[in-house]
Amino acid sequence: MCSDSRHVERVVEVTSHPGAAARSRLAASWRRSLDHHGLDPGQKRGVQRITEQALAERRGQSEAMMLVAAPKLDALFQLVGSSGCGVLLTDAKGVVLDLRTSKSDVPTFEAWGLAPGSDWSEASEGTNGIGTCIAEGRRVIIHRDEHFHARNTGMSCMDAPIFGPEGELIGALDVSSARAEQTEAFNQLIAAMVAQTARQIETDNFRAAFPGARIIVANTDDSEAAMLLAVDQDDLVLGATRGARKAFGLNHAGPIASLPASDLFGREDGPTGFEKAERAAVNRALSRANGNVSEAARNLGIGRATLYRHMKRLGIGGN
């Protein structure tokens, strides 16, 4: 029996087992692929591609993200490209918008269907790095025979979602490889770099969305969550990243109802990183202004009275 046939049998056997989807995320994704999307794990037809016109339209819709992401894709490719990996950026639907790979690997990536315009949604390709990352809104590693389609089992894919300035999913970052010698341990190392790069893209995209705001950054060890708030000169919250929304119990996505930032910082159940970041920002401004509150306030882009309120709440003295 050929390896493709064995893979198809395994997918069918696992998904037919009672309770398998509840115990395993992989089995749940296989079940979605089989039952919800009506896919066949033994399908031979290649990856679907959208037209050049449709791709241009999607790139236009994701232009802001692509501009921010471009240098990050270059930097990530410099780290992983020599090992035969490619770096891909997709939109929220799983369509590849941009690709970094070596010239010698271009034909291989084209043959895999890893090219701009290719549709790697779970609805199209079943369980795979890009599609499953988007479907579940989390970082994933899909290693070789964890893919749904037998024709994709030669690949390893490491992915992380990218969330927009209003908490919405706007894309996915993917590193893919078909090197047979690529181990699961090596995948874990690449996955950490992918998650960090996706977080950088999300952070820079958020900053670009609020150019006139003061950005407060939380101290966090969570590589999957960018924790930022955008605050105006009146100390009102203009926006928050997905991680900050979750931490402070704000709405999951969409515009945020106007509220003072101090209301968030004062919550006992909130992370202390925001207050630490704010204290550090105020102390830096005062130090650069040699303790002159008026000058420090101007440098921070807020009013003198507003800065005094922050200093009082933070327990910072000033002249």
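# Briefing: cavity, pocket, helix contacts and aromatic pairs

The count comes to 1 cavity of 30 Å³ or more; a cavity is a set of points, on a 1 Å grid over the protein atoms alone, where a 1.4 Å probe fits but cannot get out. The model is predicted, with local features requiring pLDDT of at least 70 and side-chain atom pairs counting only at pLDDT 80 or more, whereas totals for chains, interfaces and linings use all residues. Residues are numbered from 1 along each chain as its sequence is written, and side-chain values use heavy atoms, with hydrogens and water left out. Helices (H or I, at least four residues) are DSSP runs numbered from the N terminus.

**Cavity**

- The largest cavity has a volume of about 30 Å³, a volume being the space filled by probe spheres set on grid points that are joined across faces, edges and corners.
- Its lining (residues with an atom within 4 Å of a point) consists of Arg214, Glu278, Ala281, Val282, Leu300, Ile302, Leu307 and His310.
- Both α12 (273-288) and α14 supply at least two residues of this lining, and the largest share, 3 residues, comes from α12.
- By class, the lining of the largest cavity has 5 nonpolar, 1 polar and 2 charged residues, where Ala, Val, Leu, Ile, Met, Phe, Trp, Tyr, Cys and Pro count as nonpolar, Asp, Glu, Lys and Arg as charged, and the others, Gly among them, as polar.

- Two or more lining residues come from each of α4 (52-61) and α5 (63-80).
- The lining of the second largest pocket comprises 5 nonpolar, 4 polar and 4 charged residues.

**Helix contacts**

- Helix α13 (residues 293-300) and helix α14 (residues 304-314) have axes that come within 9 Å and cross at roughly 100°; axes are lines fitted to C-alpha atoms, for helices over the stretch in contact, and angles run from 0 to 180 degrees between N-to-C directions.
- α13 and α14 are therefore roughly perpendicular to each other, a term for angles of 65 to 115 degrees.
- In this contact (heavy atoms within 4.5 Å), Val293, Ser294, Ala296, Ala297 and Leu300 of α13 face Arg304, Leu307, Tyr308 and Met311 of α14, giving 7 nonpolar, 1 polar and 1 charged residues.
- Helix α1 (residues 3-16) packs against helix α3 (residues 25-36) at an angle of about 100°, with the axes 9 Å apart, which makes α1 roughly perpendicular to α3.
- His7, Arg10, Val11, Val14, Thr15 and Ser16 of α1 meet Ala27, Trp30, Arg31 and Leu34 of α3; by class this contact has 5 nonpolar, 3 polar and 2 charged residues.
- The axes of α3 and helix α8 (residues 129-136) come within 12 Å and cross at roughly 100°, so these two helices are also roughly perpendicular to each other.
- Arg25, Ser29 and Arg32 in α3 meet Thr132, Ala135 and Glu136 in α8, a contact with 1 nonpolar, 2 polar and 3 charged residues.

**Aromatic pairs**

- There are 2 aromatic pairs, defined as rings of Phe, Tyr and Trp (its six-membered ring) with centres within 6.5 Å.
- Phe109 and Trp112 form a tilted pair, 4.7 Å centre to centre with 50° between the planes; planes under 30 degrees apart count as stacked, over 60 as edge-to-face and the rest as tilted.
- Phe109 and Trp112 are separated by about one helical turn, because they are 3 residues apart in helix α6 (residues 106-112).

Technical notes
Angles under 35 degrees count as roughly parallel, over 145 as roughly antiparallel, 65 to 115 as roughly perpendicular and the rest as oblique. On a 1 Å grid over the protein atoms alone, a cavity is a set of points where a 1.4 Å probe fits but cannot get out, and a pocket is an open set with protein on both sides within 12 Å along at least five of seven lines; lining residues have an atom within 4 Å of a point.
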